[in-house]
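Subject: Structure handover

Hello,

Here is the structure I promised to pass on. Please open it next to this email; my notes follow below.

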Amino acid sequence: EGYNFGYRRDSDGRLRPRDRWAFAALEPLFDDARRRFGSAADRYALYGHSAGAQFAHRYLYFVPGARLARVVPANAGWYTMPDYAVAFPYGLGNASITPEDLQRALALPVTVLLGARDNDPGHPSLRRAPEAMQQGASRLERGQRFFATARGYAEQQHIPFNWRQVLVPGVGHDNRLMAPAAVPHLLGEADD
């Protein structure tokens with residue numbers, strides 16, 4: 001709850017005020033960095049691996065006005081699917097995410113970055129709840145299903161979809177190898 005879900009709820013399950021969410025920290029940090037470094041940048045890129053990818057893709061939903069240039073979630077263990085028929089946290093049902101919020105998220109340049117060898121269904125840190133298992137047996141399958149579900153929703157709703165899925169050959173669940181692969185996507189220099 002404190003990281004993967006943006007610190008939205010307290011230990012008793014009560015919803016915190018939005019300004020107390022971990023999600024709420026990024027925009028002020030961006031403003032502070034702009035001020036400190038004299039930057040004229042008006043947008044920023046966001047990368048997260050594993051639990052960080054969970055934070056990053058949920059940030060897309062819960063902070064629809066974020067000044068994001070690009071987002072690269074890599075190798076999340078499981079996802080909040082862009083599906084209102086599935087209850088939160090595995091889907092958007094009962095999650096206070098409006099269709100307009102979701103439309104904004106799907107229109108952003110997002111690269112779902114997946115290690116082609118992050119396919120171990122027995123990985124010790126892989127979530128095995130029944131709802132997570134419905135997303136796939138491995139992080140690779142779950143990431144592919146996440147992307148396909150997002151694309152399917154956008155097609156069904158006839159809304160812009162600016163996401164792409166990229167496989168990193170020969171890489172498993174290893175941020176040391178995934179982060180360098182994310183750089184061209186974060187900088188907008190990837191050509192695939």
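Start with a charge over a ring. The charged end of Arg58 lies over the ring of Trp78, at 4.5 Å from the ring centre. Keep in mind throughout that this is a predicted model.

Aromatic pairs

Searching the whole structure turns up twelve aromatic pairs. One of them joins Phe30 and Tyr44. Phe30 has 11% relative accessibility, so it counts as buried; the cut-off is under 20%. Tyr44 is also at 11% relative accessibility and therefore counts as buried.

Another tilted pair is made by Phe146 and Trp163. Here the centres are 5.4 Å apart, with 45° between the planes. Phe146 sits in helix α5 (residues 139-157) and Trp163 in strand β4 (residues 163-168), so this pair ties together parts 17 residues apart in sequence. Both Phe146 and Trp163 are buried.

There is also an aromatic cluster. Its members are Phe23, Phe55, Tyr59, Phe62 and Phe88.

Nonpolar cores

The largest nonpolar core has 36 residues. Which of them touch the most other members? They are Tyr59, Tyr61, Leu68, Leu106, Val112 and Trp163. Elements giving two or more residues to this core are α1, β1, α2 (51-62), β2 (68-74), α3 (99-107), β3 (110-115) and α5. The biggest contributor is α2, with seven residues.

Leu68 is worth a click. Setting aside neighbours within four places in sequence, Leu68 contacts Arg43, Tyr44, Leu46, Tyr59, Leu60 and Leu108. Another core lies apart from the largest one. This other core has nine residues, including Val168, Met178, Ala182 and Leu186.

Strands

Leu46 is opposite Val71 of β2. Together β1, α2 and β2 form a right-handed β-α-β unit. Six of the seven residues in β2 are buried, so β2 is largely enclosed by the rest of the structure.

Next, β2 and β3. They run parallel and are joined by two bridges. Ala74 is opposite Leu113 of β3. The chain passes from β2 through α3 to β3, and this β-α-β crossover is right-handed.

How many residues of β3 are buried? Six of the six are, so β3 is largely enclosed by the rest of the structure. Both of its faces are covered. On one side are Val110, Val112 and Leu114; on the other are Thr111, Leu113 and Gly115.

Last, β3 and β4. Six bridges join these parallel strands. The bridge partner of Val110 in β4 is Trp163.

Best regards

Methods. Residues numbered from 1 in each chain as written. Predicted model: local features only at pLDDT ≥ 70, side-chain atom pairs only at ≥ 80, totals over all residues. Heavy atoms only, no water. Phe/Tyr/Trp six-rings, centres within 6.5 Å; stacked < 30°, edge-to-face > 60°. Buried < 20%, exposed > 50% of the residue type's maximum accessible area, 1.4 Å probe, protein only. Helix = DSSP H or I, 4+ residues; strand = E, 2+ residues; numbered from the N terminus. Lys NZ or Arg CZ within 6 Å of the ring centre and 35° of its normal. Core = buried A, V, L, I, M, F, W, Y, C linked by side-chain atoms within 4.5 Å. Contact = heavy atoms within 4.5 Å. Pairing = 2+ DSSP bridges. Right-handed = clockwise from strand over helix to strand, strands pointing away.
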